[in-house]
Amino acid sequence: RGENVPPIDVYRIGELHFIVDGHHRVSVAHALGLSVIDAYVTQVITRLNSSGIRYRGDLIVKDYRRLFLERVPLSGESRAAVVLSDPWDYAELGEHIEAWGFRLMQDEGRFSDRGTIAARWYQEEFVPVVAMLRQADLVGERTDAEAYLVVSGERYRLIRTHRWSDEVVNALRDRMRS
């Protein structure tokens, strides 16, 4: 009818926009070949850095990371260093760290809070294991945390054999390189 189309309402998280009001106006704009539409944009500030959010799937990774950091409250350098691509891996890594912390408390005979466990796991477990994996050229295309998760899972499987033979080490090497 020649009237101006009212602006749509959207939420912006990272580079991703969610239409709150105006779905029909957006479909009409697409049908008319318009590349621009007026919008009221509400920027959503998240607990985790929203950079890199371009698709809905990116939100899933960020949400699992947020949950992981509630379980394992890493900070500073350690927080930035522990990055995984698969959202489910955050839950698995959280379980590994909690098990590590439980064994530590048993060995020391005293309780430690989550923050202490997270800091000690990073310094006493993660950093040395990743250094060992880098020295053996076993990180490959993975992030450090992904490589750690593979060897951490394999360690539990291999420990059940109660031996560290060439066969076991070669199996670990093959698993890490695949």
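Let's start with Arg120. Leaving aside residues up to four places away in sequence, Arg120 touches Trp100, Leu104, Glu108, Arg110 and Glu125. One caution before going on: this is a predicted model.

Where does Arg120 sit? Arg120 is found in helix H5. Is Arg120 buried or exposed? Its relative accessible area is 19%. The cut-off for buried is under 20%, so Arg120 counts as buried.

Now the charges. Side chains of opposite charge can pair when their charged atoms come close. How many salt bridges does the structure hold? The structure holds eight. I'll take three of them.

Arg120 belongs to helix H5, while Glu108 belongs to helix H4, which covers residues 87–108. So this pair ties together parts that are twelve residues apart in sequence. Glu108 is partly exposed, with a relative accessible area of 32%.

Next, Arg120 again. Arg120 also forms a salt bridge with Glu124. Here the closest N and O atoms are 2.7 Å apart. Both residues lie in helix H5. They are four residues apart, so about one helical turn separates them. Glu124 is partly exposed, at 40% relative accessible area.

Glu108, Arg110, Arg120 and Glu124 are linked in a network of salt bridges. Arg110 is also one of the residues that Arg120 touches.

Arg134 is in helix H5 and Asp144 is in helix H6, ten residues apart, and the pair links distant parts of the chain.

Stay with those two helices for a moment. What lies in the loop between helix H5 (114–135) and helix H6 (144–159)? Asp137 does. Its phi is near 55°, a positive value in a residue other than glycine. Asp137 counts as exposed, at 58% relative accessibility.

Now to the strands. Strands of a sheet pair through backbone hydrogen bonds, either parallel or antiparallel. In this model, strand S1 covers residues 8–13 and strand S2 covers residues 16–21. How do S1 and S2 run? They are antiparallel, and five bridges join them. Asp9 stands opposite Asp21 in S2. The hairpin of S1 and S2 has two residues between the strands. In that hairpin, Gly14 takes a positive phi near 65°.

Three strands form an open sheet, ordered S2-S1-S3, with mixed pairing. Which strands stand at the edges? S2 and strand S3 (39–43) do. Each has a single partner strand, so one side of each is left without a neighbour in the sheet. On average, neighbouring strands of this sheet are turned by 30° against each other, direction ignored.

Helix H1, residues 23–31, lies across S1 and S2. H1 runs at about 120° to S2.

Last stop: the surface. Val28, Leu32 and Leu34 form a nonpolar patch there. Together they have about 280 Å² of accessible area. Where is Leu34? Leu34 lies in the loop between H1 and S3. With 49% relative accessibility, Leu34 counts as partly exposed. The cut-off for exposed is over 50%.

Terms used
Residues are numbered from 1 along each chain as its sequence is written. This is a predicted model: local features need pLDDT of at least 70, side-chain atom pairs count only at pLDDT 80 or more; totals for chains, interfaces and linings use all residues. Side-chain values use heavy atoms; hydrogens and water are left out. Two strands pair if DSSP finds at least two bridges between them. Axes are lines fitted to C-alpha atoms, for helices over the stretch in contact, and angles run from 0 to 180 degrees between N-to-C directions. Contact means heavy atoms within 4.5 Å. Buried means under 20% relative accessible area, exposed over 50%, partly exposed in between (1.4 Å probe, protein chains only). Patches are made of residues with over 30% relative accessible area and no salt bridge: like charges are joined within 9 Å, nonpolar side chains (Val, Leu, Ile, Met, Phe, Trp, Tyr) within 5 Å. Accessible areas come from the Shrake-Rupley method with a 1.4 Å probe; for residues, only the protein chains shown count as cover. A salt bridge is a side-chain nitrogen of Lys or Arg within 4 Å of a carboxyl oxygen of Asp or Glu.
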